[in-house]
Amino acid sequence: MERIATARHVDGRTFWVATSTGHGLVVEGASEEARPPAGPGPMELMLVSLATCAGSTMRDLLTGMRQPFRRLVVRVWGERASEPPRVWTRIRLRYQVVGEVVPDRLARAVSLTDTKYCSASVMLSQVTDLEATTDLIHRVRAEDTRALRRRVLRPHQRLDELVDPGEEDPSTVFFAAHRGEEVVGTAALYREPLPGEAAAARRIRAMATAPEVRGQGVGELLLEACLDRARDDGATVVWCNARLGAVGFYRRYGFAVVSEPFDVEGIGPHVRMRRLV
Ligand SMILES: CC(C)(COP(=O)(O)OP(=O)(O)OC[C@H]1O[C@@H](n2cnc3c(N)ncnc32)[C@H](O)[C@@H]1OP(=O)(O)O)[C@@H](O)C(=O)NCCC(=O)NCCS
């Protein structure tokens, strides 16, 4: 048998771990103290292993299938039994892929990862309830985004009123986040100068995620898809007119407010925000 790691007790529930591959890390079991833990917990690391093992397998399979993904994020959620031994009773994995990946190929890669090639997934699924789902963030036609844009951004308008000027321009790009067949997020990038600035700019519009998927990273990846595309197009500045409720979201990704608040008819107060690409 191969030696994998040595865990040396340091203090309390803290261990210093040396791995056979020459790495070291601090691991701390649930602490009774008020201070933040000195390192990840052992049960937490089990799901970190799962996410990264599944992620590497997905990366290999998508690469082997020549599916040009731009970003790959794996999120993991878990529920533990309330009584000892507090095993993981339910685990949910979500693969979030940005890029022009064929949906059927993505589904095939997930199935092969979960049932055949990912050691951690195959092992854990034998002892607990483990399921994986995917979000695919990719280019779509403008019309594919209308229903969600109407639901989230402009419920007061009819679908045919949602056609924005510049939407048909060949430089305009629409993105959707598909969870299975369902569109759960949208964003668009327009070639439009930032008023008062000469820099090559792109404007973000139609940024929206369905209320039931918020806080799960879909907005972040739609924004990243826009920034990647703006970078590819040689733009140096990206800007948007942000609803006041979304200012914190854009700030989180480095956008700064560059205008006084102004009102958009039928929608409400906005501010202009910009960041370098
Ligand atoms: C703004 C919006 C697109 C964010 O989408 P989302 O899917 O919830 O975003 P994510 O889950 O990817 O969030 C990414 C990060 O931003 C943070 N965040 C999201 N919305 C935020 C907000 N309104 N204020 C501050 N932070 C926010 C999240 O907490 C998360 O941070 P974390 O990684 O530290 O946890 C979504 O809330 C939405 O559609 N709002 C209504 C429509 C709207 O206002 N659109 C913008 C038009 S200008």
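Among contacts in the protein chain between residues at least 6 apart in sequence, what percentage join residues at least 24 apart? The share is 57%, two residues being in contact if their C-beta atoms, placed from the backbone, lie within 7 Å. This is a predicted model, in which local features need pLDDT of at least 70 and side-chain atom pairs count only at pLDDT 80 or more, while totals for chains, interfaces and linings use all residues. Residues are numbered from 1 along each chain as its sequence is written.

**The whole chain**

Display the protein chain as a cartoon. Six helices and 13 strands are present; helices (H or I, at least four residues) and strands (E, at least two) are DSSP runs, numbered from the N terminus. The C-alpha trace spans about 65 × 45 × 35 Å along its principal axes. Of the 277 residues, 29% count as buried. A residue is buried if 20 or more other C-beta atoms lie within 10 Å of its own, exposed if 12 or fewer, and partly exposed in between, with C-beta atoms placed from the backbone.

**Three domains**

Colour residues 1-31 as domain 1, 42-136 as domain 2 and 141-276 as domain 3; these bounds come from an automatic or database domain assignment.

Next, select β2 (residues 14-19), which is joined to β3 by five bridges. β2 and β3 form a hairpin with four residues between them, and G22 in the turn has a positive phi of about 90 degrees.

**Between domains 2 and 3**

Now show domain 2 and domain 3 together; their centres, taken over C-alpha atoms, are separated by 29 Å. Here 10 residues of domain 2 are in contact with 10 residues of domain 3. On the domain 2 side, β4 (69-80), β5 (88-99) and β6 each give two or more residues. β4 gives the most, with four residues.

**The ligand shell**

Centre the view on the ligand. It is surrounded by 20 residues, the closest being T209, R214, G219, E220 and G248; a residue is near a molecule if its C-beta atom, placed from the backbone, lies within 6 Å of it. At least two residues of this shell come from each of β9 (201-209), α5 (218-232), β10 (237-243) and α6 (247-252).

Which residues of helix α4 (residues 142-152) are buried? They are T145, R146, L148 and R149.

Finally, select E167, in the loop between α4 and β7. E167 counts as partly exposed because it has 16 C-beta neighbours inside 10 Å. Leaving aside neighbours within four places in sequence, E167 is in contact with A142 and T172. A distance drawn from E167 to L189, C-alpha to C-alpha, reads 9.4 Å, across 22 residues in sequence.

Terms used: Two strands pair if DSSP finds at least two bridges between them.
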